[in-house]
Amino acid sequence: MSLLSKLRLVTVDVTGTLIAYKGQLGDYYCMAAKSAGMPCPDYKRMHEGFKAAYTEMTVKHPCFGHASNMPNIDWWKMCVKDSFIRAGYEYDDATFEKIFRRIYSTFGSSAPYSVFPDAQQFLRWLRNNGCTVGIVSNAEYRYKDVVLPALGLNEGSEWDFGVFSGIVGVEKPDRRMYEAALEMAGGVAAAEALHIGDSMRKDYAPARRAGMHALLLDRFRTAEAEGWRRSGAAVLPDLAAAREWLTAAAAPPATAAWRRSPSSQLTAESSE
């Protein structure tokens with residue numbers, strides 16, 4: 001009996017699993033600075049500044065400010081401003097406002113993202129085979145309302161519901177994200193659910209703690225993946241391989257021996 005035949009729910013991570021970032025963070029910050037008449041900031045310093053600023057914001061104001069009722073745009077404004085300051089760039093208020101508005105609107109659109117070629121077909125295949133499909137993502141409301149639909153991943157055709165940290169107020173790796181998904185799917189038993197993602201800490205481990213099946217994707221041949229396999233985790237290169245794995249009579253060990261499709265050649269940085 002295949003694993004698919006035992007499942008009622010499949011939940012899926014977004015960044016690194018369904019979509020990838022196009023280019024580098026510095027590309028978008030550079031374009032924003034130039035649009036305000038300022039020179040392009042250093043890419044390396046900008047990347048490091050953003051990582052530090054984003055990490056601090058997730059600690060001080062988790063879930064994009066959900067608990068403190070901070071407006072989403074204010075959360076990002078603080079994060080972006082701190083990113084520039086850490087990278088060594090400070091602007092007057094009017095200049096920063098122009099730069100920020102460009103960055104905020106860009107990342108609230110489909111422009112910085114690419115959909116993996118196997119994503120839409122896989123999600124539709126799951127739904128056609130009787131599975132409810134849920135999105136589980138550390139993301140704010142714009143992923144749900146704007147970004148995913150603009151990329152052709154729509155609620156009602158590719159997925160049935162979403163658990164987004166900026167909306168529900170908890171974030172991965174908190175197992176309550178997965179428990180919320182089980183509840184939103186109509187009280188599906190954990191043993192009848194599978195989660196697919198690209199992070200051992202944020203996807204695989206908490207889903208297993210919640211009692212769900214779990215599968216990791218290693219689209220980018222990461223160094224961590226070998227350690228995942230040694231720990232006993234199921235690891236596959238892409239969603240096309242996941243489809244074969246799900247329909248096998250007895251789900252075999254998911255190893256690097258499974259084929260790798262062209263979709264795994266995209267590059268991304270996952271914040272989820």
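Reply: The account below begins with the salt bridges and then turns to the disulfide and the nonpolar cores.

This is a predicted model, in which local features need pLDDT of at least 70 and side-chain atom pairs count only at pLDDT 80 or more, while totals for chains, interfaces and linings use all residues. Residues are numbered from 1 along each chain as its sequence is written, and side-chain values use heavy atoms, with hydrogens and water left out.

A salt bridge here is a side-chain nitrogen of Lys or Arg within 4 Å of a carboxyl oxygen of Asp or Glu, and by this rule the count comes to 19. One of them joins K44 to E48, whose closest N and O atoms are 2.7 Å apart. Both residues lie in helix α2, 4 residues apart, or about one turn of the helix; helices (H or I, at least four residues) and strands (E, at least two) are DSSP runs numbered from the N terminus. For accessibility, buried means under 20% relative accessible area, exposed over 50%, and partly exposed in between, with a 1.4 Å probe and protein chains only. On that scale K44 is exposed at 57%, whereas E48 is partly exposed at 42%.

K172 lies in the loop between α8 (165-168) and α9 (176-184) and D203 in helix α10 (residues 200-209), so the pair ties together parts that are 31 residues apart in sequence. K172 is buried, with a relative accessible area of 3%, and D203 is buried at 0%.

Turning to sulfur, a search of the whole structure finds 1 disulfide, that is, a pair of cysteine sulfur atoms within 2.5 Å. The disulfide joins C30 to C40, with an S to S distance of 2.1 Å, and its torsion about the S-S bond is about -135°, so the disulfide is left-handed. C30 sits in helix α1 (residues 25-35) and C40 in the loop between α1 and α2 (43-60), 10 residues apart. C30 is buried at 7%, while C40 is partly exposed at 30%. C79 is buried at 0%, and its sulfur is 14 Å from the closest cysteine sulfur, in C63, too far for a bond.

As background to these links, a nonpolar core is a set of buried Ala, Val, Leu, Ile, Met, Phe, Trp, Tyr and Cys residues joined through side-chain atoms within 4.5 Å. The largest one has 64 residues, of which F84 and L246 touch the most other members. This core draws at least three residues from each of domain 1 (4-19 + 114-247) and domain 2 (23-108), where domain bounds come from an automatic or database domain assignment. A second, separate core of 24 residues includes V163, V170, A214 and V235.
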